[in-house]
Amino acid sequence: MKLALSLNGITRKDRSRIGGKGFALAMMQKSGMHVPEALCITTEAYQEYVSSTGLRDQMHMELYRKPFEEMRWEEIWDTALRIRNMFIKTPLPSELRKQLRAPLASRFSRRPVSVRSSAPGEDSSKTSFAGLHESFVNIQGLESILEHIRLVWASLWSDRALLYRQELGLDVEKSTMAVVVQEMIFGERSGVVFGMSPVHEKQSAVEAVYGLNQGLVDGTVEPDRWILDRHSGQILSHRPARREKILVPAPKGVRLENLQGTLRRRAPLRDREVKEVYDLAMKAESLFGSPQDAEWTYFKETLHALQARPITTRSASSEDQRPWYLSLHRSFDNLRGLRTKIEKELIPGMETVAREMGIVNLPALSDSVLAQEIGQRSRIHKEWQETYRRDCIPFAHGMRLFGKIYNDLMKPKDPFQFVSLLAGSGMVSVRRNQMLVDLAELIRKDPSNKACILEGKGDDCKPEVKKGLKRVLDQFGDLAWEKGRLGEDRDRLLKLVLQMASHPERETSARAGDPGELEKVFLSRFDEEQKSYALELLDLARASYRLRDDDNIYLDKIQGQVLAAVEEGRRRIQERSTPESKTMEIDDLLKAVQSEAPVHKPDQKAQQPAKKQSFSLKSRQILGQPAGPGMAVGKARVVLGSSELFSFQKGEILVCDAVDPGMTFVVPLASAIVERRGGMLIHGAIIAREYGIPCVTGVPDAVNQIKTGDFITVDGHLGIVIIGEATL
Amino acid sequence: MDKDLTKIKRDLKKLLQSQPLAVLATQNRGQPYASLVAFASSDDLKSLYFATTRSTRKYANLSGDSRVAVLVDNRSNKASDFRWAMAATATGKAKEVGPVERKSVLDLYLAKHPHLKDFVHSPTCALCEIRVQTFFVVTRFQSVMEVHVRR
C-alpha cells in the first residue's frame, strides 16, 4: 500500500486515509484552483510507526497513568510534552523511512515545504477544531521534513488535543493522523476567508496581512478585515489594521519583522482582490457543499488556496475553561511584551501597594475606619489577583516554550532536562529561606539562644539574633499564604529556625547535570546569526521560571496586608463581650472576606475510622507526577494551616494541597514535597528543584489520603508515593 | 472514602466473579511456591474457596503453614492492561472446609465450576477456605489500595 499520495492521485475513497485537509486540497486542485503541490502521508504511515516502534504501548503507559478528570491543564501539558519527546526520540523504522523518503525526495529535496496536520474527522463539519494540532512552515531538507512529520504525528496528542479528547474521540488504539507536505509558497500577501462569518450568517469575512499568514493565524500580526454580503459579494465594510509587523521566511522557519513604511499606509488587498478571495471561498463551498473557511496567499499576483475546511462555530459555555488554557500558548514576541509589563509595571506596583498598606497604623484606626480598610484591602487584593491571572499566569508559558524548543534541538532523554537550565536564578523565596538559614547559623553559634527560644523568650536572645530576625520580618514578615503570615508569631518562627539550627546545613545544589555545560551545548546548536535569539529565549525562560514564584510572593504580600487588617478586626471582636456592640460592621466584613478565600478543608469523614464497616480502605501506593527526581523516606507532615507549618520538623515530608511560595520557608527542613495540585513547573516542583529534594505533584486527595506522622516513601523519579512500611 | 470503599468493593466483586482461576502462593521453609487454582468467592468477599487433592505440594505446604497469598487479575496480556487491568492480591489463612459448611460451600463452588463436580467429590480432594485479611488492589499499573477485612 502506498503511504504517500500526490494530490492528483487522490480519490474520494482515500478521504479517511489522508484527512480532511489533504482531501480538500486534492478536490480544489481537481476543480482548477491554484493549489501548492503536495504529498499526503497517509494514516497507515502513522499506524506503522507507532506499532512497529512500540510507541503505542508507551503511550498507553503515559496517557492513562491517571484519570484525565483528575489532571489539571498543567499536568496535561506535561503529559503532552513527554509524549512529544517520545516521538522526537524514536526514529522512523528503516523500511518506513525508505517508503516515505523516495516520494519526498523526488519532489521536495531542494524546495522548502510546510508540514501540516490532517487528522481524519478533524475537518468534518461536526468537529472542526482548528489549531489543536501542529503545522510547520518553511521546512527544508529531507531529514528535517521527516523529523517534522513525526512532530505533526506527536501533535495528535498535544495538550490542546487532549483537552478536547472527548470531542475528538481520542483513543490510543484508534486515533490516527495524516500529514500534508506542501510546497511552500512565499506569498507577498496572505490571509483567511470565511465564506460565512462566524458571527453573522448573511455575511462573509476576509482577513489579510502582508507576508506569510502564519502571523495572522497565531495572532502575532493584526489583519485588515473586510465584511462582505454573503450573497452578492459586495464589500460592506473595511477595518484597517495597525500595520506594523510582517512575518517573513527565515533560514529555519519564519521571523517577525517591522513592516516597511510605504506598506503600512496601504491595505494588503485591493477591492478587486477582496472579491477574488471571496470567490475562492464560494467556489470551495460549492465544491464541498458547506460554507468553508480557507487560507490563501497572493504570490506574484496569483491567488493560491492553501487549505479549506468547513466552518463550525464552537459554542463555548462560560463554564468551559478550555479556551482560556488554549489562550495560554503565547508566542515569543507576546511573552517579551508580558515580561516588560510584569517587571517594570506589575511587580513594582504590587510592592508599592503592599508597602503603603504596611505604613497604616491599624490599632490606631477607629472601628468604622478599620472596617473600611479591610474592605478596601480585600478589593485591592482581588484586583491584583485578576491582574495576576491576566498577565502573570500566561507568562509562565515562557518556560514551556523554551522547553519545547530545547527538546526539539537537544532530544534529551529526560523531557524536563531543560528545567535544570532555569533553576538557581535567584528566586525571592530562596533568598528569604537563606536569611532564615543564616539566622539559624547565628543561633547555633551561641547555645544560650536555644534556651531563650525554648522558653518562648525571644527577646532575651543575643542582639545579633534579634537583629537577624528583625531583618527577616522587615522584608518578609507580611508574606502570607492562604492561612497565615510568616511574621504572625515571632516565637513560633524562632522555634522553627531553631529546628534549622539543630541540624547542619544542607547543600542546596543536588541538581541533575551541570547547568553551565548544558547551556553551552544548547547555545552551540544555534548558528551565529541566531545566537542572540537563543540567548534571549533562555533569558526569557529564566525570567518566566523565576517570576512564576516571585510574582506570587508579591501578591502574597498584599494578601498579608489584608490578613493583618483582618487579624486586627478579629482581635477587637474577641475583646468585646457583647455581640451586639458596634463591631458588627467589622464582623460582617470579616465574614465576607473570609468566605471569599477558598479554604481547603480536609474531609472530616475520611479521618474517622469507619467503625461499623466490616471493611476499611487505605491507600498504599498513590500515583502522581514525577516533578523532582530523587527518593526520600520519612514522616509526613500534612500542612493544612499555620500550626502544622510552624511545627515542621527536620526531615519531615511536606504534604500539601497546593504549595504557595508564602509557605515554602519550611522547605530547607523538608526531605521531600508531595502536593495534590499537579504539574512539573508549579511552585512545589520549582522550590524542590532549587533544594534538590524529591517532589511528587498531582497526588489526588493527598491531604486526606496521607496523615501527619504516616511513614511515607516519595519516589520522585516515577511520581509515586507509598504509605506505610514494606512489611505486611 | 466511604464512596471509594463502596466502589472498590463493587469492582473487587466483579473481578472475583469474572475470573475462574487464581494464583495461590504457599511456602515451605521459606521457599515460595505458586500454583494455579480454580476458585470461588463468598458474597461478602471475606472468603475465597478452592479445591485441591491432598497429595499436592500446595496441600503439604498448607499443612505446615496456613498463611497464603492469592492473586486474581483480569489482564489480557496487551499494553492496554496498563490502563484497564485490575489485580487483587489477597492475604489470609487457609483451612479445610468443615462438615457443617461443606454443603453450602460446595453449592457456591460448583455453581461457578460445574465441570469440577467429579473432582471435588473425590475422597482424595480437599475443599479449602481462605479467610481473607487484606486485599491489595492494583489498578492503572501502579495505583495500590488496601482493603482490610475486620472480623
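Where in chain A does Gly662(A) lie? Gly662(A) sits in the loop between β19 (653-656) and β20 (672-675) of chain A. I'll come back to that residue. First, the ground rules.

This is a predicted model, where local features need pLDDT of at least 70, side-chain atom pairs count only at pLDDT 80 or more, and totals for chains, interfaces and linings use all residues. Residues are numbered from 1 along each chain as its sequence is written, while chains are lettered from A and ligands numbered from 1 in the order in which they are written.

Start with chain A. It has 27 helices and 23 strands. Both are DSSP runs, numbered from the N terminus: helices are H or I with at least four residues, strands are E with at least two. The radius of gyration of chain A is 30 Å, close to the 27 Å from the globule rule for 728 residues, so chain A is as compact as a globular protein of that length. That radius is taken over C-alpha atoms, and the rule is 2.2 Å times the number of residues to the power 0.38. The C-alpha trace of chain A spans about 90 × 60 × 60 Å along its principal axes.

How much of chain A is buried? The figure is 46% of the 728 residues. Buried means 20 or more other C-beta atoms within 10 Å of a residue's own; exposed means 12 or fewer; partly exposed is in between; the C-beta atoms are placed from the backbone. Now contacts. Two residues are in contact if their C-beta atoms, placed from the backbone, lie within 7 Å. Among contacts in chain A between residues at least 6 apart in sequence, 71% join residues at least 24 apart.

Back to Gly662(A). It is buried, with 27 other C-beta atoms within 10 Å. Setting aside neighbours within four places in sequence, Gly662(A) touches Leu479(A), Ala480(A), Trp481(A) and Asp556(A). For scale, Gly662(A) and Leu236(A) are 426 residues apart in sequence and 55 Å apart in space, C-alpha to C-alpha.

Next, helix packing. Two packed helices are described by the angle between their axes and the distance between the axes. Here the axes are lines fitted to C-alpha atoms, for helices over the stretch in contact, and angles run from 0 to 180 degrees between N-to-C directions.

Look at helix α22 (residues 528-575) of chain A. Its axis and that of helix α13 (residues 332-359) of chain A come within 10 Å and cross at roughly 25°. α13(A) and α22(A) are therefore roughly parallel. The cut-offs: under 35 degrees is roughly parallel, over 145 roughly antiparallel, 65 to 115 roughly perpendicular, and the rest oblique. The crossing of α13(A) and α22(A) is left-handed. Left-handed means the near helix is turned anticlockwise from the far one by less than a right angle; clockwise is right-handed. Residues from α13(A) in this contact include Phe332(A), Ile342(A) and Met357(A), and those from α22(A) include Leu537(A), Tyr554(A) and Gln561(A). By class, this contact has 15 nonpolar, two polar and five charged residues. Ala, Val, Leu, Ile, Met, Phe, Trp, Tyr, Cys and Pro count as nonpolar, Asp, Glu, Lys and Arg as charged, and the others, Gly among them, as polar.

Now α15 (residues 397-410) of chain A. The axes of α15(A) and α22(A) come within 7 Å and cross at roughly 135°. That makes α15(A) oblique to α22(A). Their crossing is left-handed. Gly398(A), Met399(A), Phe402(A) and Ile405(A) make the contact from α15(A); the α22(A) side includes Leu538(A) and Tyr545(A).

On to chain B. It has five helices and seven strands. From the N terminus, the order is α-β-β-β-α-β-α-β-α-α-β-β. Its C-alpha trace spans about 45 × 35 × 35 Å. Of its 151 residues, 25% count as buried.

How do the chains meet? The contact takes 23 residues from chain B and 22 residues from chain A. On the chain B side, α1 (2-18), α3 and β7 (143-149) each supply at least two residues. The largest share, seven residues, comes from β7(B).

Last, backbone angles. Most residues other than glycine have a negative phi. Asn77(B), not a glycine, has a positive phi of about 60°. Asn77(B) lies in the loop between β4 (67-73) and α3 (81-84) of chain B. Asn77(B) is exposed, with 7 other C-beta atoms within 10 Å.
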